[in-house]
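Here's a quick tour of the strands and how they pair up. Have the viewer open while you read.

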Amino acid sequence: MEQVGRLFITGQPEAILCRWEVVGAALQLQERAFEGRTWTLELQRARLSLGGFNEDQIVLQTEGMTFYAGRPELEKPLRALGLMHIHQALGREASRVRHNVRMSYVWAGMLFLLLALSGLFGWWVTDRMVDAAAAMTPVSWDIELGRTCYKSLGFAARENHDPRLVRPLQNLADQLTRPYQDQGLAFEIHLINDPQVNAFALPGGQIIVCTGLLENAEGADELVGVLAHEVQHVVQRHGVRSIYSQLRWQLALTVLVGDSSQLHAQLLSSATFLAGLSYSRDHESEADRQGLALLAQLQWSQQGLLKFFQRLDKQQGEMEKHLKYLSTHPASAERKAALEKMLSPVSAEKSIPLDWSALRSALGRGSQDVSPGRQ
Ligand SMILES: [Zn+2]
C-alpha cells in the first residue's frame, strides 16, 4: 500500500502530498503529482513529536521542512532504524499523550461534577423559592384559587345534591378535616355525577368526588383512604406549591422584591392551568404518608387506600377509560410498597362513622332515577 504524508516547506502555505519511504537513515519523499519533485529528510537531524487531531500523526521537523505522516504506518519503520534520539522522542511523546488523555478524563469529570452541582444548586434555589413564595401566600389565596379553578372546570351543572349521599360524605370530610380547623382553610366537598372512578383536591379545600368512585369502592375504609389522601393535598398546599415550582425563575424576582401583589396575580392567572395539572410524585407520597398518619390519629382503618389501589390494578384492563384516578394517582409498584411500609400496626380501631350500605343503596336508587338517555 502506498504510504502518504503531508510536507510543509517554510514560506509555502500549501501542504504538498508526498509518498514516503525509509531509505537508510533518511525519509525519501516524492510529490504525488505527476513527475513530482523529491526531497530527502535526514532523520539523524530531525526532531520528532506527535501531533494532529488525535495525536495520531508523527511530525518530523528539520530546517525548512515539516512532515506529517500517520503514526500507525511510520512508527514501526522508524523504530527499526535503531536511532537513539528517535526512540527517546517516541517514548517521551507517547507518555505525554497518555498523560493528556488522563487529564482530559479528569477535566471531563470535573466539568460533569460542576454541571451536576450547578443543577443541584438550581434545584435547591427553586425549592427555597417555592418555600419563600408559599410563606408569602396567605391561605385566603389558596381558597380564592381553588374556587376559581372549580368554576373553570364547569362541574356545577353535574353536582349531585342528594342529601342521602352528600350528608354522610360531608360528615366524613368534617371529621377528617377537624385537626386542621385552625389553619383557615375552607373545606367544601362536591359530589359530581360522573362514572369516572376519580377524586381530586383543589387548593384551599375544594374536594371533588365522582359518583363512579362511590360505585367502585368496596367499603367505607376505601373511601376514607382516598379522602384522607385528598385532604392532605389541601393541607400541604400542593396546588400552590405546584404552580410556584412551574413558575420557577419568574418567581425569583417577585420573591426577592417581596412584591406580594405581583405574586397574587401570578397565582390567580394559573387557576385554569391548575385544572390540568397533576401533582408530583413527591406530593403524592407526602399525601399518602400524611393521609395515613391522619387515619391513625383518628384511629380509623389505614388499609383502605392500598386495598383500593390493588383492586383498581386488577380491573385496569376491563374499564380503563373510567379509571381516571389511576392516571392522576399512578399506583406504581413502588407506591404500593411504600404504602405497605407506612401502615402502622393496628391499634384499637374505631369504626368509621359511615353507613356504607345505606350510602350504596341511596346511590343505586339515585342512578335509577335518572331517565335513560340523560347523563
Ligand atoms: Zn393525590
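Two strands count as paired when DSSP finds at least two bridges between them. With that in hand, look at S9 and S10 in this predicted model: they make a hairpin with 3 residues between them, and Gly204 in the turn has a positive phi of about 85°. Within that pairing, Ala199 sits opposite Val209 of S10.

What about burial? In S10, 5 of its 5 residues are buried. Gln206, Ile208 and Cys210 cover one side, with Ile207 and Val209 on the other, and all of them are buried.

Here are some strand pairings, side by side:

| Strands | Sense | Bridges |
|---|---|---|
| S3 (residues 26–31) and S4 | antiparallel | 5 bridges |
| S8 (residues 188–192) and S10 | parallel | 5 bridges |
| S9 (residues 199–202) and S10 | antiparallel | 4 bridges |

Now for the open sheet: 7 strands, ordered S4-S3-S2-S1-S7-S6-S5, with antiparallel pairing. S4 (38–42) and S5 (47–51) are at the edges with a single partner strand each, so one side of each has no neighbour in the sheet. From one strand to the next, the twist averages 30°.

On confidence, the mean pLDDT is 86, and 90% of the residues reach 70 or more. Residues 367–375 are below 50, and beyond near neighbours in sequence this stretch has 0 contacts in the model.

How values were computed
Residues are numbered from 1 along each chain as its sequence is written. This is a predicted model: local features need pLDDT of at least 70, side-chain atom pairs count only at pLDDT 80 or more; totals for chains, interfaces and linings use all residues. Helices (H or I, at least four residues) and strands (E, at least two) are DSSP runs, numbered from the N terminus. Axes are lines fitted to C-alpha atoms, for helices over the stretch in contact, and angles run from 0 to 180 degrees between N-to-C directions. pLDDT is the predictor's confidence in each residue, from 0 to 100. Two residues are in contact if their C-beta atoms, placed from the backbone, lie within 7 Å. A residue is buried if 20 or more other C-beta atoms lie within 10 Å of its own, exposed if 12 or fewer, and partly exposed in between; C-beta atoms are placed from the backbone.
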